[in-house]
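Dear colleague,

I am passing on the structure we spoke about, together with some notes on its contacts. Please have it open while you read.

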Amino acid sequence: MSAHGGFSQTWEGSKNLSPFLLPGLSMRRPGASVGFSAPDEAPGFALYDNGFLKAGVSGRLRGPRQQSSWGELHGVHDIDWTVEAGGFAEFWTFQKLRARAELRHGFLGHHGAIAEIYLDWVEKHGAWTFSIGPRLTIGDQAYMNKLFGVTWKDALGNGSVPPYVAAWGMKSFGAMAAVKYDWSQDWSTTAFLRYNRLVGSAAASPLVTNLGSANQWMLGLSVSYSFYVDMF
């Protein structure tokens, strides 16, 4: 289990940063090594793991977007808390290069599908682990339009954005860098920095061009504790 805290965009496409604090949970079978995980990937549980290829279920909890919290979004539709559930697959192409793909579907806040692709070069030196690599996010129309679309009602209520229908496709590309220190077999701390650049239909949204920014940042610190539960 883990706790992640730091600063990220107040809403996707915003130009401002706000603090966040989120819990995390991942599981592994008894006797399995902790292995590598990036702080920005969705927590999950591997159903198959042969040391080079791993696949299983994953999920993510996303906070709400509420017009009452951010003045620039006055009149724009709210997005409730969202549970994204799905699966992942990852493999090590070389001893130090990990590729990971996640596919999730949203419930409650949005009902779209999201695919995320991660590539990490991992260097481990004693208790220190350094990682860096590119990121890519793709969304279907239901997901993209919920986050970046503007209805006629939104446009009339806000006054600063015209109506807009967002299309499916690439949402963003970017990179993540992280430094992890293992205090013991059970405890670790990770500092991380991620940059995303909104592209395509997301970047063209008036929510981004008129009210926000295509440059998206996340920086923070996570603390993780590992324990075994013999239930398999």
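Five aromatic pairs are found, that is, 5, where rings of Phe, Tyr and Trp (its six-membered ring) pair if their centres lie within 6.5 Å, with planes under 30 degrees apart called stacked, over 60 edge-to-face and the rest tilted. One of them is the stacked pair of Trp-128 and Phe-130, with 6.2 Å from centre to centre and 15 degrees between the planes. Tyr-181 and Trp-183 form an edge-to-face pair, with centres 4.7 Å apart and 75 degrees between the planes. These four residues, Trp-128, Phe-130, Tyr-181 and Trp-183, make up one aromatic cluster.

As for accessibility, buried means under 20% relative accessible area, exposed over 50%, and partly exposed in between (1.4 Å probe, protein chains only). Trp-128 at 41% is therefore partly exposed, as is Phe-130 at 36%, whereas Trp-183 at 60% is exposed.

Before going further, please note that this is a predicted model, in which local features need pLDDT of at least 70 and side-chain atom pairs count only at pLDDT 80 or more, while totals for chains, interfaces and linings use all residues. Residues are numbered from 1 along each chain as its sequence is written, and side-chain values use heavy atoms, with hydrogens and water left out.

The salt bridges come to 18, each being a side-chain nitrogen of Lys or Arg within 4 Å of a carboxyl oxygen of Asp or Glu. In one of them, Arg-135 meets Asp-40 at 2.7 Å, N to O; because Arg-135 lies in strand β8 (residues 128–139) and Asp-40 in the loop between β2 (17–24) and β3, the pair ties together parts that are 95 residues apart in sequence. Both Arg-135 and Asp-40 are buried. Arg-104 and Glu-102 form another salt bridge, with their closest N and O atoms 2.6 Å apart; Arg-104 is buried at 1% relative accessible area, and Glu-102 is buried at 2%.

Turning to the strands, these are DSSP runs (E, at least two residues), numbered from the N terminus, and two of them pair if DSSP finds at least two bridges between them. Strand β3 (residues 44–49) and strand β4 (residues 53–62) pair in the antiparallel sense over 5 bridges, and they form a hairpin with 3 residues between them, where Gly-51 in the turn has a positive phi of about 95 degrees. β4 also pairs with strand β5 (residues 82–92), in the antiparallel sense and over 10 bridges, with Val-83 in β5 as the bridge partner of Leu-61.

Terms used
Helix = DSSP H or I, 4+ residues; strand = E, 2+ residues; numbered from the N terminus.
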